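Me: I have a two-part model open and want to learn how to read it. Can you walk me through some features?

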Amino acid sequence: MTNKLVFENLKHRPVRTLLGVIAIAVQVTMVLTLVGLSEGMLNEQASRARGVGADILIRPPGGSIIVSGGQMDARFIPFIDKQPHVNVATGTLIFGTDLFNYLTGVDLATFDRLNGGFRFLHGGPFQRPDDVLVDEVYASQHKLHVGDTITNTNHKWRVSGIYEPGMLARMVVPLATLQDLTGNTGKVSTMYVKVDNPANIPGVIAELSDKLKTYKVYSMEDYTSLFSATNIPMLTDFIWVVVGVGVLVGFLVVFLSMYTAVLERTREIGVLKALGASPGYILNILLRETVLLAIAGSILGILLSYVTRFIIRDLVRSSLIQAIVPRWWLPAAGIAIVGALLGCLYPGLKAARQDAIEALAYD
Amino acid sequence: MTKGEPIISIRGLRKTYHVGEVDVHALRGVDLDVQAGEFVSIVGPSGSGKSTLFHIVGGLTPPTSGTIHIAGRDLLGMSDAERTELRKNTVGFVFQKYNLLPTLTAHGNIEIARDIAHHKGPLDPQFVAVLKLLGIESRLDHKPRALSGGEQQRVAIARAIVNRPAILLADEPTGNLDTENSNAVLGLLRDLNGSLGQTILMITHNPEAAGYADRIVRMRDGHIE
C-alpha cells in the first residue's frame, strides 16, 4: 500500500515529477558522456596505435601517455634499426594543435616498411613537403577531397591522400616538414620497432631498455594497456569534479522538489500521523519517492547517453568519440540516487517531525 | 480495562500551551467518564477546550497534568511513539474537512489506515457489511475528487473504524455538509453506535447534531459545565 501511495503521489504532480526525472537524467548523462568520451578517445587512440603494426614502442620519460612535441633524439632510430632481431625502426613526431587535434609527422619510407603503408581510398602518398594525408573519418567530417587545402599550425597543407582509418592518426604530414615548422628538427615523439619474430620481443625490449637508459620501451600490448583515464594527468580529477557537480545538481533539484512537495502535503502528513503513521513511515514514503525519481532519471540518463553519442558522432561530426560504458551505468545511477537521497533528507525529516495538530490545521 | 470500567476516564485534566511568552490554559481540570458503547456529544463555544480535549484523547498531544485512561491505557507519560501506536488501533478520527488523501481512491484511503496499523489480507466480512451500511461499497474505486461531500465523509468514517478502534473521535463531522448529508452522516454514526457498539465522541456546534448522541457534555473556558 505504501508503494501505491508513493506511485500515486508522483503521478499526482506529473510536471514536477518529470522535471525531477529529467534533472537527474541530465546528471547521469553528463557523467556517462564524459566517461564515454574519455574511454572512447582513449580506446580509439589505443586502436590506432595497434593499427601501426609495430611490436615495440619507445617513448620519452614521464608518466603521461599523451605526448606532444619532440622529446627524443631521432639519431637513435638508425641505431635501433641495427639491433639484433629488429627488422625496422621508425619515428613519428606528434604536434598537438588543440586538445583533440594533432598532426603526426612520419617518414613514409621507413613507416611503409613497418606495416606495408597506408591503405589509400583516394589519392596516394606525399608528393610535396606540404602534403597531408587524412583518414576517411576526418575527410568525411570536414568534407575533404584529394587536392583540397587545409590550414594547420599556421601552414597550408594539400590533401594528397585519404586512407583507411584505424592507423596511427587522423592527419599525417612529412616528418621533416613538421620538425622544421615546429622547431623540433632532429626530434621525434615516439619510435616504433618491428622485430623479426614475436618471440624475440621481450629480448629486444630488454636490450633496448638497457641501451637507451632513460627512454621507456614497451611492447605494443603493454603500451595499449596504458590507455586508461588513470594515466592521463588530471583526467580522473576532472571526471570526479563532473561527478561532484552532478551530485550537487541532483541534490538541489530533489531538495527543491521534495521541499515543495512536503509543504504542499502538510495536511496529508497530518492525516497520516492522525492515522498512526510514525515519523519513520512518513520519511519512508518520501525516501521511496526520491529513489523512484532517481531510478527513473538514471534509466533516462543512460538512454540519453546514446543520444549524446549520436549527436557527437553524426550531428556535430566532431573528432570526439564517445563510447557507451555499461560498467559505469550502476555507479552513475548510484551517484544519482545518493545525491537525490541527500537532497530528500532535510524535507523528509521536516515532514517526519511535523506536528500533527499544526499539519491538520494547515490550509 | 475491567468490565464496567469506563472506556475513557479523565480526572483533573489540564493542558497549557506556551505561545511566545504567554501561557494559554486550554483545559483547566476536566473530569469525564465515557462508558464503552456510549455516543457522547461535546458542545461549547470556540475556545472552550473541546478540540484540545479531542487532541489529548486522540493522542495527538500530551496532557500537561491530570490522569487520562483510554481503554485501560494511561496516556499521561506516554512517549510520542506510544501515542502513535495508540492512534493506530485504539482511536479513529473523523474530521470536519474529511481529510482523505487525494491521490488514493476511497478503497486506498481505507487500506492505508490498515497498512499503517500493519493489518494485512482482505477486508473482513463484518467490515464489508459496514461499507454497505455506509452506502459506499460501489464508490470505492473513485478518488475523493469524484465523490460528493457526503460520500467523502462516509469514506472517512469507514477509514476511521476499519481497524476496530475502541473510540471514534468525530470533530465537527457535519461542518462541511448540507442538511441532508449531515442528517445522513449523523444517522450512520448512530447506527454504528447502535449496531456495532462503537464508542463515539463527537464535537459539534450544532445543537441538532448534538441531539443524535446519548449524552451531551458542555464545555466552557476549559471546564466541563
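Me: Why does the length of helix α2 of chain A agree with what we expect?

Reply: Helices here are DSSP runs of H or I with at least four residues, strands are runs of E with at least two, and both are numbered from the N terminus. The expected span of a helix is 1.5 Å times one less than its number of residues. Helix α2 of chain A covers residues 14–51, so its 38 residues should span 56 Å, and the 52 Å between its end C-alpha atoms agrees. Just after α2(A), A:Gly53 has a positive phi of about 90°.

Me: Before we go on, what sort of model is this, and how are things labelled?

Reply: This is a predicted model, where local features need pLDDT of at least 70, side-chain atom pairs count only at pLDDT 80 or more, and totals for chains, interfaces and linings use all residues. Residues are numbered from 1 along each chain as its sequence is written, while chains are lettered from A and ligands numbered from 1 in the order in which they are written.

Me: What are the confidence scores?

Reply: pLDDT is the predictor's confidence in each residue, from 0 to 100. Chain B has a mean pLDDT of 90, with 99% of its residues at 70 or more. The model itself scores ipTM 0.90 and pTM 0.79.

Me: What does the radius of gyration say about chain A?

Reply: It is taken over C-alpha atoms, and the globule rule is 2.2 Å times the number of residues to the power 0.38. A compact globule of 363 residues would come out near 21 Å, but chain A has 29 Å. Its C-alpha trace spans about 90 × 45 × 30 Å along the principal axes. The domain assignment, with bounds from an automatic or database source, gives chain A domain 1 (2–42 + 234–361) and domain 2 (61–214). The centres of those two domains of chain A, taken over C-alpha atoms, are 47 Å apart.

Me: And what about chain B?

Reply: Chain B has 7 helices and 10 strands. Its radius of gyration is 17 Å, close to the 17 Å from the globule rule for 225 residues, so chain B is as compact as a globular protein of that length. The C-alpha atoms of chain B fill a box of roughly 50 × 40 × 35 Å along the principal axes.

Me: How do I read burial?

Reply: Count C-beta atoms, placed from the backbone: a residue with 20 or more others within 10 Å of its own is buried, one with 12 or fewer is exposed, and anything in between is partly exposed. Buried residues make up 47% of the 225 residues in chain B, and 40% of the 363 in chain A.

Me: Why is α5(B) called largely enclosed?

Reply: Because 12 of the 13 residues of α5(B) are buried, the rest of the structure largely encloses that helix. Among the buried ones are B:Gly150, B:Val155 and B:Ile161. Contact means that C-beta atoms, placed from the backbone, lie within 7 Å. The cover over α5(B) includes β6 (91–94), α3 (106–116), α4 (125–134), β7 (167–171) and α6 (179–196) of chain B.

Me: Where do the chains meet, and how many residues are in contact?

Reply: 20 residues of chain B are in contact with 18 residues of chain A. On the chain B side, α2 (80–89) and α3 are the elements giving two or more residues. The largest share, 6 residues, comes from α3(B).

Key:
Two residues are in contact if their C-beta atoms, placed from the backbone, lie within 7 Å.
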